[in-house]
Amino acid sequence: MSDLGDFTEFDPSADGDTDSGSGSGSDSTVDSDADANVEPAVDRDASVEPESESDHRSDADDGPGAGRDDAGDGRAGVDARADAADAAGPGAGTGAPGGDTGAGPFDAYDVSPTGDDRGIGAVSVSQGLRVAEDGRDTALRAFVTTGNRETVRLGKYLLVPYPDDEQLFCRITALEYAQEFEADDATEIHARRAMRRSGVEERDYKFMATLDPVAVLYEDDGELKRRMTDRVPKPGAIVREATDAEQIKTGLKIPAEGVFLGHLSVGGEKVRTAARPPTIDYRLKDDYEAGDPLVFRHTLIAGGTGSGKTHASKNVLRQFLDGRTYRMDDGREVEPAVVQFDPQDEYAAMHDDNPELDDAFARRLEREGVAYGGVANTVALIPDVAGTTYPGEGHRAEQIRFTIPFELARDRPWLVAGASLNDNQYGALTHLIDRFFRQYGSGGTYDQFCEFLEDPGLREELHEAGRVHEATFDAVKRRVYGASGSVFDGDARPITELVHELVRPGGLTVVPTYHVNDSRATETVVLAVASLLVDDKLSNDPRFDRIDGTPVILGMDEAHNFLSDAENVQARKVVRTFTEAAKQGRKERLGLFLITQDPQDVADPVFKQVNTKLVLNLGDEDAIKSVNIPPNLEDKVPYMEQGQMVVYSPDNSEPVELIGLSRCVTRHG
């Protein structure tokens, strides 16, 4: 039983009689063929060969336009009979027994096309061909030939030649099927045929790629260079995939040398070339030819849990510990010191080799100039906090315990502001700390300061003098008592005596805080040590020549916990300090290396100073918006697999996708 309605009761002879006055001569021929070759009892829902002759004859009976395609030129009926003749073999359609018509045979010619196909298609002008200063006015489309359609993907890089050997480097931003012939395929018959076919006839459609021009490539004295797009390609110009590493790097403005970050990719697949190795390495500018090294313009790595941000961070930091040097103001070339704050006790493992990194992978890294292997010059500086014990079982790095001397609070009163203070209270705290150190000297301790605040005579004296109101005095005392006094003046050596262990040219210093359960104590430790480094870097009269004379990369994992934008006074003081450090980083050879899963919580004044952003998988919409990457890449962030990332570094290259190394170059996990 058919479900196609009136077709169940179809009578070929009756229909032919009815339409004899309106159909053409070719229509009557089709009807007679149908009578001769179609059995009346055929169930149209049964298995039928796709695009069979009976299907085409049914088309012919649909109405007055029988045997014609939707454009009305009769081409579909001819094509159908030709296909049937090809399938039937020799003699089909020749008038011999079993043939459909009395027409003569098709003659076969032994011909071959002139030349070979090049590229994936050609520039089309049918819907406009225009490049403009405003990208929204640009109209640049290419027709993609049938054989190339399966390999074309969004984001792929293409080249379009100009007549004078210059080339337009562009990127695919949209792909579209368009109708070759005007037809309505939103019908029951078209849908049923599609359901019974095994594939799509690509020749029936146009496949169009919308291109976004990135740059014009040209040669100058044998050197390949790029400039902004200022020319429109010729209609019909051949479009081909960019497969040359030099052309791709030049088109995207990727430096040939620098700090390795990963391999260029499109849609999660590495871009391949004909070279060896076939991948394209992405590097961060690290010389003085066109400004300062970008590490001193600061780096942010943002990614959710499980995105691979620690893995990526280790691989990047390892590249700075391989004999790389930077020029100081006095002309010396000095290796950088990396100081990494580690809340999860993961980075001290960089001391050790990765046992999963085999010889074949190591040789590949060597060919690409990627540093790998454990960093022997690694020291774990362990904060000595009362009531805590550091296990130190995950690595073999040297361990040195330290404590925070209360003297650091002399220039940083916010270290002992246990809760938020208003401006008046912060001023009172500053006055009290200054008076305390004048009385006790630089050796004064936190416990002594608490005793100092217990003096009722001091409270009355300051109140009567109009210096500190007694209510303000009490409020300050409560805040100081609420601070984490457990971090100050422990049994270990003070950090001020361990500056040469903290900052070592060519060395990695890790400050783990995983064993410190009190979040306020963790914050005090991290900010005390970090501000010690920053203040000496920014000072015109530095206390420690080792800090002042050494390039420093200051890594801070979970940076949102320490550099958040809050309304209280102490938070503003911290943010102001690190904002100034970020602004002066190029001059003072200080680079911030911030790692976070909540980039939206990092204070905006600090965030604005970050030049290079590596964005891995982020699921939070606010977090994705905050990193401020181009919209076409922003949409891909939630779907990135582990190790995939977007790099947005305006002073280094165009925004691109990368895939990091599949294995960590040091021990990880």
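How many of the five residues of strand 3 (residues 157-161) are buried?

Author: Four of the five residues of strand 3 are buried, and the strand is thus described as mostly covered; buried means under 20% relative accessible area, exposed over 50% and partly exposed in between, with a 1.4 Å probe and protein chains only. This is a predicted model, in which local features need pLDDT of at least 70, side-chain atom pairs count only at pLDDT 80 or more, and totals for chains, interfaces and linings use all residues. Residues are numbered from 1 along each chain as its sequence is written, and side-chain values use heavy atoms, with hydrogens and water left out.

Strand 4 (residues 167-179) runs antiparallel to strand 3 and is joined to it by five bridges, with Tyr-157 opposite Arg-171. Five residues lie between the strands of this hairpin, and Asp-165 takes a positive phi near 80° there. Strand 7 (residues 238-241) is also antiparallel to strand 3, through two bridges, and Leu-158 stands opposite Glu-241 of strand 7.

As for the whole chain, 19 helices and 23 strands form its secondary structure; these are DSSP runs numbered from the N terminus, helices being H or I of at least four residues and strands E of at least two. Of the 669 residues, 46% are buried. The accessible surface is about 33200 Å², and carbon and sulfur atoms hold 45% of that surface; such areas come from the Shrake-Rupley method with a 1.4 Å probe, and for residues only the protein chains shown count as cover. Among contacts (heavy atoms within 4.5 Å) with a separation of 6 or more, 72% join residues 24 or more positions apart.

Strand 14 (residues 337-342) is largely enclosed by the rest of the structure, because six of its six residues are buried. On one side lie Ala-337, Val-339 and Phe-341, on the other Val-338, Gln-340 and Asp-342, so that both faces are covered. Strand 14 pairs in the parallel sense with strand 19 (residues 552-557) over five bridges, where Leu-554 is the bridge partner of Val-339. Strand 18 likewise pairs with strand 14 in the parallel sense over five bridges, and Thr-509 of strand 18 stands opposite Val-339.

The loop between strand 18 (508-512) and helix 14 (519-538) contains Val-516, which is buried at a relative accessible area of 7%. Leaving aside residues up to four places away in sequence, Val-516 touches Val-385, Thr-388, Ala-521 and Thr-522. The C-alpha atoms of Val-516 and Asp-384 are 9.1 Å apart, although 132 residues separate the two along the chain.

The axes of helix 9 (residues 423-440) and helix 12 (residues 470-482) come within 9 Å and cross at roughly 75°; each axis is a line fitted to C-alpha atoms, for helices over the stretch in contact, and angles run from 0 to 180 degrees between N-to-C directions. The two helices are therefore roughly perpendicular, a term for 65 to 115 degrees, whereas angles under 35 count as roughly parallel, over 145 as roughly antiparallel and the rest as oblique. Helix 9 contributes Asn-424, Gln-425, Ala-428, Leu-429 and Leu-432 to the contact, and helix 12 contributes Thr-472, Phe-473, Ala-475, Val-476, Arg-479 and Val-480.

Conventions: Pairing = 2+ DSSP bridges.
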